[in-house]
Amino acid sequence: MLYRFIIQSIVLLATTSLCFSEAGRKHEESAPAGMVLIPAGLFKPQIGGEQTTNGIRLQSFFLDVFPVSNIDFLQFVREKPRWRRSQVQLAGADESYLKHWSGDLELGPRAFSNAPVTFVSWYAATAYSFWKSKRLPTTYEWEYVAAASPTRPDGQNDPDFVREIRNWYSTPSPEILPAVGGKRANMYGVADLHGLIWEWVSDFNAPWAKINGRGGSEPGGELFCGAGADGSKDRENFPAFMRYGFRGGLQVNYTVHNLGFRCARSAAGSR
Amino acid sequence: MNIPSTSLCMATLLAGALFYGALPPRTSGQATSQAPRPKIIDPSVVGEENAVLTQAPFVPPPIKRKQATKVIVKLEVKEVVRKLSDGVEYLFWTFGGEVPGSFIRVREGDLVEFHLNNHPTSKMPHNIDLHAVTGPGGGAASSFTLPGHTSQFSFKALNPGLYVYHCATAPVGMHVGNGMYGLILVEPKEGLPRVDKEYYVMQSEFYTSGKFGEEGLQFFDQNKAVDERPTYVVFNGSVGSMVGDKAITANVGETVRLFIGNGGPNLVSSFHVIGEIFDKVYPEGGTLPAQHNVQTTLVPAGGSTMVEFKLDVPGTYVLVDHSIFRAFNKGALGMLKVSGKEDLITYSGKEVDAVYLGRQAEAGSAAEKTVATLQEQVKQAIQADPKISGLTKEIQIAKGKQVFMQTCFVCHQLDGQGVLNQIPPLAKADYLMADKERSVRLVLQGMTGDVVVNGKKYNGIMTPLNNLSDEEIANVLTYVRNSFGNSGDAVLPAEVRRIRSETPPPAAQAQYE
């Protein structure tokens with residue numbers, strides 16, 4: 001919680017200073033509440049992704065500092081009854097949708113209000129984003145921000161950062177997810193990209209998002225065994241393999257106990 | 001300026017959200033898992049049954065039926081914290097809650113309907129590649145399963161043999177390295193030869209962040225895994241899994257078959273049972289007993305071997321990977337305890353326990369008598385005066401010279417004369433010979449400040465040499481007290497030990513280092 005407070009303070013400061021320093025510019029350049037501005041940049045997919053030599057140009061965008069929490073999502077389903085557990089259609093979310101909640105409008109003991117919401121489908125996450133006048137980040141956007149450690153944009157060269165991510169895979173899943181904001185934010189000011197949950201992205205099932213995009217009719221079929229190592233620039237980036245692998249197995253209505261999301265918004269001036 | 005286009009975009013998105021069915025994010029028109037698949041009908045199988053699954057070291061019973069059938073296998077993937085060694089825990093990724101995974105036994109020609117269930121609490125997606133499957137990925141292409149989901153596929157067990165199965169999700173080495181492997185036996189139509197006992201033994205390695213035996217929850221160490229430097233090499237998933245009370249057992253006169261697998265992920269096993277000879281080996285898990293009378297058999301990573309042997313002599317037989325440091329230092333050790341009647345003709349047990357002096361002194365020779373006489377003299381001398389005997393002093397001087405040549409001569413010179421006006425001499429040195437205890441303290445603590453030796457004043461620094469052992473200090477002082485024209489008694493290690501315990505450690509040591 002301390003971290004959360006610090007991060008929020010930083011966000012607030014950053015937002016304020018942005019307003020001052022860019023006085024005279026358009027108002028929409030300052031980050032909306034709870035979001036930070038990610039400056040435009042070049043993203044080089046380490047594994048997966050379109051094969052490019054120069055990387056992929058990303059426009060600047062805003063990204064939520066924290067994953068969407070249970071209480072945030074509760075507000076959404078209050079206003080949008082069709083996304084309540086009892087009313088959602090199976091095509092939109094599978095049987096496990098929000099199953100850690102006690103009821104339609106009740107979080108209960110297994111879902112802390114400030115813990116990230118999980119057991120949500122892509123459809124539900126997307127609908128929430130629209131309701132917030134936001135959208136889901138793309139794979140590239142998400143990976144670009146998630147590559148940064150607390151101190152540098154190329155986190156893969158920060159041994160402590162890499163170790164911390166890897167160690168998440170060696171620790172058991174908690175029965176009940178903790179609150180967001182338990183760890184340091186990265187250098188963009190975005191927190192909890194690693195070590196808490198997996199996150200939906202808008203284009204999780206794009207053909208190039210498979211580690212070795214050979215097509216094929218089976219989800220994740222390209223990921224098995226040594227085949228996954230073909231065509232990847234960084235074979236030692238195990239966490240990235242796992243994220244791409246995880247996304248490769250998803251379907252739009254799937255819900256998983258440790259899969260949540262956060263929202264993005266295009267910055268004015270970009271597409 | 002961009003507000004209109006943004007608003008338009010948002011409007012479109014909102015429209016999409018209101019009618020999510022019209023927003024299929026699938027770009028390639030792939031079928032979802034809910035799409036109906038044609039029901040598979042195999043006319044050659046009769047009936048249906050659920051597979052019996054067992055955990056190591058146990059094996060499901062031999063298959064008695066004479067016809068192929070449909071066998072339903074339900075295997076649950078679970079990520080669990082278990083003991084890797086005493087006080088050492090690890091988050092294992094498992095097939096069936098244990099490492100190695102459940103043993104699956106089917107018959108040649110069976111149609112296997114495979115259900116892979118990934119427990120809802122899993123962090124990872126997983127799949128399964130069974131080497132017994134003919135088809136892409138050995139099932140991996142059809143079994144990628146997210147936490148809280150299940151996959152189903154079927155395969156025909158075409159080839160009999162003993163096969164490894166493992167998770168093949170990228171990064172595959174990590175999934176295997178965390179414990180995701182097991183064995184599936186496709187029993188030949190005619191069955192395997194009858195034996196009295198069957199056991200399941202699977203070797204594998206673990207790469208942990210801490211050293212061997214380091215307590216607490218250990219993390220997977222990717223660097224060690226990539227470099228193929230395992231911290232643990234074990235049978236059946238943990239150190240001591242088949243030792244003591246958990247040893248596998250048999251009786252004299254029985255024939256034992258071991259189904260041996262090697263999950264790897266990296267090492268090839270040189271599997272050996274100390275004190276037994278494999279009567280039959282089915283190399284690499286094939287169905288032909290290709291070799292008889294084998295001591296050590298190779299089990300490839302991602303491969304298997306079957307061995308059979310009859311037990312003739314009671315006792316404890318130790319299973320090892322004969323790449324022997326793995327057994328001695330990393331845990332690759334199990335036990336087979338055999339009870340029954342002694343067979344003294346096959347193995348007598350210890351008949352003679354006597355002294356052996358080696359080839360240089362054959363019994364009855366003059367050399368043996370000389371050695372024996374000398375040893376007796378030494379013994380008597382030590383008994384008579386353990387502190388001082390001429391012989392031990394000579395040895396001390398010889399050993400002390402070695403220490404002197406490594407440590408002291410740079411300053412005090414080879415002839416013990418020191419350096420004019422800088423380093424005091426040791427040769428015929430009154431200061432040295434006047435006080436034995438002081439010289440011991442001096443070596444332990446070093447010395448700074450004025451000292452008068454043989455009437456000359458020196459003001460230098462001597463480094464404390466308390467890193468030398470008691471014996472080394474005793475020897476080197478015995479050497480200098482009996483060299484360069486000096487003559488004195490020996491310094492004994494016990495004296496050094498006593499003085500060291502009475503002397504505070506050198507406070508100023510750091511400045512010399």
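Helix α4 (residues 139-146) and helix α6 (residues 238-248), both of chain A, have axes that come within 12 Å and cross at roughly 155 degrees. Angles here run from 0 to 180 degrees between N-to-C directions, with axes fitted to C-alpha atoms. That makes α4(A) and α6(A) roughly antiparallel, a label for angles over 145 degrees. Their crossing is right-handed, meaning that the near helix is turned clockwise from the far one by less than a right angle.

This is a predicted model, where local features need pLDDT of at least 70 and side-chain atom pairs count only at pLDDT 80 or more. Residues are numbered from 1 along each chain, and chains are lettered from A.

So who meets whom? Contact means heavy atoms within 4.5 Å.

| Helix | Residues in the contact |
|---|---|
| α4(A) | Thr139(A), Trp142(A), Glu143(A) |
| α6(A) | Arg243(A), Tyr244(A), Arg247(A) |

These contact residues divide into two nonpolar, one polar and three charged.

Now for α6(A) itself: eleven of its eleven residues are buried, so the helix is largely enclosed by the rest of the structure. Buried means under 20% relative accessible area, exposed over 50%, and partly exposed in between (1.4 Å probe, protein chains only). The cover includes α4, α5 (159-169), β5 (198-199) and β6 (259-260) of chain A, plus α2 (172-177) and α3 (222-227) of chain B.

Over in chain B, Ala56(B) sits in the loop between β1 (48-50) and β2 (70-85). With 23% relative accessibility, Ala56(B) is partly exposed. Leaving out residues up to four places away in sequence, Ala56(B) touches Pro100(B), Tyr200(B) and Asn236(B). Its C-alpha atom is 9.7 Å from that of Phe235(B), 179 residues apart along the chain.

Methods. Heavy atoms only, no water. Helix = DSSP H or I, 4+ residues; strand = E, 2+ residues; numbered from the N terminus. Parallel < 35°, antiparallel > 145°, perpendicular 65-115°, else oblique. Nonpolar A, V, L, I, M, F, W, Y, C, P; charged D, E, K, R; others polar.
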